[in-house]
Structures are given as structure tokens and as C-alpha cells.
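The account below goes from its setting to its contacts.

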Amino acid sequence: MQGSANLNLMIKAARKAGRSLVKDFREVENLQVSSKGPGDFVSRADREAERIIKEELMGGRPTYGWLGEETGEEPGQDPTRRWIVDPLDGTTNFLHGLPHWAVSIALEHKGEIVAGVVFDAAKDEMYWAEKGAGAWLNDSRRLRVSGRKTMIESIFATGVPFGGRGTLPATLQDLARLMPACAGVRRWGSAALDMAYVAAGRFDGYWERGINAWDIAAGIVLVREAGGMVSAIREGDDPLEKGAVICGNQGLFEPFRGIIRGE
Ligand code: LIP
């Protein structure tokens, strides 16, 4: 596998955390029937995965900054570089024994995501990309966004807010506008894998409101390096900062974004 020293460090960290999560995932399936449920066990699995990733990445690059879902933000001596990590994206899937979750690791340089890794350990699919070097699946499959050109033949992924989240009304309006114009919407529960699937041409686009930076940071460089387009939902916003993202292939991006923006 080619790539920079930073990318290889990211892949090594993702694989090590993935091995730990796969072991825990086998236990989670047994815990589904326990009265206490797997909640605390999954929280421990999540924290252990982030500990493993942080040890690898900060051990290799001790001056970089850090933003992790479980341990929060830590500025680094090098103010231009930051790791952005979701150790277990698709936590609810993991909790319910659904094999659709991923380790997501991104490297940000001067505010731009320049490298990303999304590792689906349950299916052994390592999605990776580096600015200017393309997007790849495992060792040899070059990723390209889909070539579909019409909305009505295309399928899109999103995250539908649950548990009283304030973004539900806007998302329901998105669905009311989009559903009549497309071939379907998928809600598979992992933003990182949703964006990896756009990069792989499996989904034609993805959007989500109320999403965290660590959920989408790696996906941003994957989609862009696979020839796709990524932006915030609102003109001029930064998707990482505002937590609202939309992405898709070049031919569909404008009509898709226009529908989600209600234009
Ligand atoms: C999840 C995202 C998903 C979103 C969920 C949740 P987590 O991240 O990947 O797209 O719809 O609400 O935020 O919490 O599993 O890391």
C-alpha cells in the first residue's frame, strides 16, 4: 500500500483499533439478550479503541493537535496539524449487533482535510485517501464516484435524527422534497461509511444535518479524491464547523443540493 508516512500511521492505527473492536463486537452479539444490555460494554469498547488510536497517532506525531469523539480537543505544539478521530462511527449499529460501523481517522492541515482513513473492520474494507493521491479501497481498487447523471435513477444516504434532536423537522422536509425526485434513500447509521460509499460509487450522494466533525472529516477527502464534490448545506458555511454536509458526484451535485436547500 503506497502513501505517505502519515497515511501509513493512520492505517496502522485504524487496523489496531479495528482488531480490538471486532473482538468486542463478537461479545456484543451475546449481550443483546442480557437484562443490562450492552450499553456500558460498548462505551468501554469505544473508549478503548480511541485509546489505541491516540497512542499510535500521538506516539508517532506528538506535536500534532487532537480532536477525538471520546477524549475531546487537545491543541498541539504544531498549530497547523490536527488528528480528527471517531473511533467507532455507527455506535448504535455496533450496540445492536449490526455489522455496519467504522473507525474514522482524518488529518487536518491548516484547516483542510488532507488525508483520511475509514476502516470497516467487520467487512475488512479499508477506505483511504490523501490529497492529490486519489481515493482507494484496500490495496488496489481506485475509488470513483458514480457516473449517474439523473436524480430519478440515483440513491442517496442520510442520517434521520432520533431521540428528540432539533434537526428532525428540517430533515423531514428534505425527505419530502427528495423522495419524489430520486430512486430512494438509505439510512444505514454511519456517516463515515455513507461518505465512503459515495466515494466508491455505491451511493450517488449523501447529506446530513447535526453531524459531528469526527463523523465526516475522513469522508470529505475520500469523496473529493474520488472525483466528487462536498460542501456545507448552507452557502458559505464550513461543513466541519456547522455540522451539516452534502456530497455527491459532479453531475448530480447541483440539482441534489438545490433540492436539499429548498431552492
Ligand atoms: C453516527 C453517525 C450517523 C448519525 C448518527 C450518529 P456515531 O455517529 O455516523 O450518520 O446519523 O446519529 O451521529 O454517534 O455512531 O459516532
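What follows describes the ligand site.

This is a predicted model, in which local features need pLDDT of at least 70, side-chain atom pairs count only at pLDDT 80 or more, and totals for chains, interfaces and linings use all residues. Residues are numbered from 1 along each chain as its sequence is written, and side-chain values use heavy atoms, with hydrogens and water left out.

Domain 1 (5-142) and domain 2 (151-261) both give residues to the shell around the ligand, so the ligand lies between them; the bounds come from an automatic or database domain assignment.

The shell holds 16 residues, each with a heavy atom within 4 Å of the ligand. Asp89, Gly90, Thr91, Ala191 and Glu208 are the closest. Strand β3 (residues 81-89) supplies the largest share, three residues; strands are DSSP runs (E, at least two residues), numbered from the N terminus.

Polar contacts are pairs of N or O atoms within 3.5 Å. A backbone N or O atom of Gly90 is 2.7 Å from a ligand oxygen atom, and one of Leu88 is 3.4 Å from a ligand oxygen atom. In Glu69, a side-chain N or O atom lies 3.4 Å from an oxygen atom of the ligand. The protein covers 90% of the 380 Å² of accessible area that the ligand has on its own (Shrake-Rupley method, 1.4 Å probe).

Terms used
A polar contact is a pair of N or O atoms within 3.5 Å; within protein, one must be able to donate a hydrogen and the other to accept it, and residues adjacent in sequence count only if both atoms are side-chain atoms. Helices (H or I, at least four residues) and strands (E, at least two) are DSSP runs, numbered from the N terminus.
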